[in-house]
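This report describes one protein model. Please consult the sequence and the structure alongside the text.

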Amino acid sequence: PLPEEGQPEDFSGAVGDFKIESVVDKKNVAGGSAAKISFVISGTGNFPLVNAPAIIWPKGLEVAAEQTNEQTNPHVFPLSGSKTFTYSITGMKAGRHVIPVATFSFFDPRQKEYKTIQSKPLEIVVAFTTETSANLSEIEESGTGSPSRFPQHYYWFGAIALLIIVWILFQVFSSSKNRKAE
């Protein structure tokens, strides 16, 4: 059993010797466009108990659910390899956004102590052009969180056309009922 004394709050049961690295695919992002941020935890230990590191996301970024990729050699004990947690980040507010350090805690059996490791902070610069600003205002107007496939005036046109078709069908059926009644 692992000691309870000194156990970090974010400890998920990982035992071994690990390191963490943070990587961003694009440091400069157009507003409304996505960048991918990955946190790679590598080393030796019980990888099934390695969970995503604790991350505090800054305001102005929309973060999609993580994708996890584990690469280990199951024929070696203890397991060695890496587990990558990748997030898709969309810049919704212009400016510099700093993703603070991500932390991960584990128990080191060699030194018989808990350790908490940190990634480096990352910076993403979000810049808007008039085109991306127009697309984002369309997202905000639609309230769906994603751009519409068609401009809004097409929906109005479709609604009016539908009303005209319904009116014509009503007129046709009501005149045919009147003819049958006579």
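## Basis of the model

The model is predicted: local features require pLDDT of at least 70 and side-chain atom pairs pLDDT 80 or more, whereas totals for chains, interfaces and linings use all residues. Numbering starts from 1 along each chain as its sequence is written, and side-chain values use heavy atoms, with hydrogens and water left out.

## Overall chain

The protein chain contains two helices and 10 strands, arranged from the N terminus as β-β-β-β-β-β-β-β-β-β-α-α. These elements are DSSP runs numbered from the N terminus, with helices (H or I) of at least four residues and strands (E) of at least two.

Of the 182 residues, 30% count as buried; buried means under 20% relative accessible area, exposed over 50% and partly exposed in between, with a 1.4 Å probe and protein chains only. Among contacts (heavy atoms within 4.5 Å) with a separation of 6 or more, 70% join residues 24 or more positions apart.

## Salt bridges

A salt bridge requires a side-chain nitrogen of Lys or Arg within 4 Å of a carboxyl oxygen of Asp or Glu. The count by this rule is three.

In one of them, glutamate 70 pairs with lysine 83, with closest N and O atoms 3.5 Å apart. Glutamate 70 belongs to strand 5 (residues 67-72) and lysine 83 to strand 6 (residues 80-91), so the pair ties together parts 13 residues apart in sequence. Glutamate 70 is partly exposed at 35% relative accessible area, while lysine 83 is buried at 9%.

Arginine 96 and glutamate 123 form another salt bridge, with a closest N and O separation of 3.0 Å. This pair links distant parts of the chain, namely strand 7 (residues 95-99) and strand 10 (residues 122-127), the two residues being 27 apart. Arginine 96 is exposed at 60% and glutamate 123 partly exposed at 35%.

Aspartate 108 forms a salt bridge with lysine 115 at 3.1 Å between the closest N and O atoms. Aspartate 108 is buried, with a relative accessible area of 4%, and lysine 115 is partly exposed at 22%.

Aspartate 108 also lines the largest pocket, together with residues including Val15, Asp17, Thr44, Pro78 and Arg110. Strand 1 (16-24) and strand 3 (34-45) each supply at least two lining residues. On a 1 Å grid over the protein atoms alone, a pocket is an open set of points where a 1.4 Å probe fits, with protein on both sides within 12 Å along at least five of seven lines; lining residues have an atom within 4 Å of a point.
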